[in-house]
Amino acid sequence: MTLSRPITPAASALRDKFREVRAMSLALAAPLSAEDQCIQSMPDASPTKWHLAHTTWFFETVLLQPHATGYTPFDLRFHYLFNSYYEALGPRHPRPQRGLLTRPSVDEVHAYRRHVDDAVVALMEEGAFDWATVEPIVTLGLNHEQQHQELLLTDILHALSCNPLLPAYKPASGPALRLATVAPAMRWIEQAGGVVEVGFAEHPGQPAFCFDSETPRHRALVQPHAMADRLVNCGDYAQFIADGGYQRPELWLSDGWAAVQANGWRHPAYWLAPDDPRLGFGLQTQGAASWHVFGLHGVRPMEADAPVSQLSFYEAAAYAEWAGARLPTEFEWEAACNAPGIMQMTGHVWQWTRSSYDPYPGFRPMPGIAAEYNGKFMVGQLVLRGGSVATPEGHTRPSYRNFFPPAARWQFSGLRLAKDL
């Protein structure tokens, strides 16, 4: 008889983290009905149920099937249904048709999660697994799931925004308050420029994980510039709208102006103008003569000092042009991350940069199946930095590189200004 080794403290901590992250996904889905969890409001979004299943598929396909002796898949058909973009793993259900998957049911997806969770925990508690092989996969899987936790929120918010009733994902604990405060004036923090170190670096006492796109750490040259100490807020952006910002082609990149005309953009994605008929549905009557904003807590009066959100790169760049400034590069942003006086660098909105999502010098993708995780998307995308209100706590770091195409505006994305010196 072969006896398993006792679980090590490191494996025990990883097991507990696994349980914590997996439970959080279910908690985020809990306010939603089964009908809510099935809908797909556009090809770029996915149903809540799909997010719950795909993150489970990742652990089953990348961890359990290759590395857990005797593991039995929950349902072999799920290999096809819940693959996202991993070409090396075979064909998959088309992304734009994920909303047609009324089956398996939410209950079956939950059963799938329990089946996989039990197997992952059993593998770690066995104590005899190859830590050097399993730990990186589990850690990647947890960070992957945290990315999908944010997507779960942004995707369901978009879906709910398509409902004329504009239902809240989760009602706020108290009434909306319009505070009679004036946001502090934007201050400029000068940066000397020069050669800076960018990319992931390990620090004692901090997690050693990063995505491959954050490596290798290298030197970059930045010119002298100034960075705004805070994010552009809703009051700032309302002035841009009032000044005809969406009607002035000279402010816009050519592709951005084409997007404005084609899509009829006149304000951020989830803003409601005073004459929006949906404000007459009993959603919000107090202060209905001004802008309102739809968010996770439903329709609320616009807060002038709240960071503006749900902007495309094109809108961010147009605002910067109107303000006589520009968007920072991702290297300027990272170098300024810990500058004295800088505020709102994370936990509010993702911040568009003027940098394309390119590989760093000497970049090599992760080995194995995970090689398809980031590198193949390094074209036609812009980098965002920071982290948003929907980003799981502790998930980001100064070197973290988020990326989206320039027209994307359903994310919690905003902007910070920079200017040359």
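I call a residue buried under 20% relative accessible area, exposed over 50% and partly exposed in between (1.4 Å probe, protein chains only). Arg326 is partly exposed, with a relative accessible area of 21%.

Before going on, I noted that this is a predicted model, where local features need pLDDT of at least 70, side-chain atom pairs count only at pLDDT 80 or more, and totals for chains, interfaces and linings use all residues. I number residues from 1 along each chain as its sequence is written, and side-chain values use heavy atoms, with hydrogens and water left out.

**Salt bridges.** I looked for a side-chain nitrogen of Lys or Arg within 4 Å of a carboxyl oxygen of Asp or Glu, and the structure holds 22 salt bridges. Arg326 pairs with Glu332, their closest N and O atoms being 2.9 Å apart; Glu332 is buried at 5% relative accessible area.

**Asp229 and Arg187.** I found these side chains joined by a salt bridge (3.6 Å, N to O). Asp229 is buried, at 3%, whereas Arg187 is partly exposed at 46%.

**Glu330 and Arg385.** Here I found a salt bridge of 2.7 Å, N to O. Both Glu330 and Arg385 are buried.

**A network.** I also saw Arg15, Asp16, Arg19 and Glu125 joined into one network by salt bridges that share partners.

**Two helices.** I took helices as DSSP runs (H or I, at least four residues), numbered from the N terminus. Helix α1 (residues 9-29) packs with helix α4 (residues 106-126) at about 170 degrees, their axes 10 Å apart. I call α1 roughly antiparallel to α4, because angles over 145 degrees count as such.

Key. Axes are lines fitted to C-alpha atoms, for helices over the stretch in contact, and angles run from 0 to 180 degrees between N-to-C directions. Angles under 35 degrees count as roughly parallel, over 145 as roughly antiparallel, 65 to 115 as roughly perpendicular and the rest as oblique.
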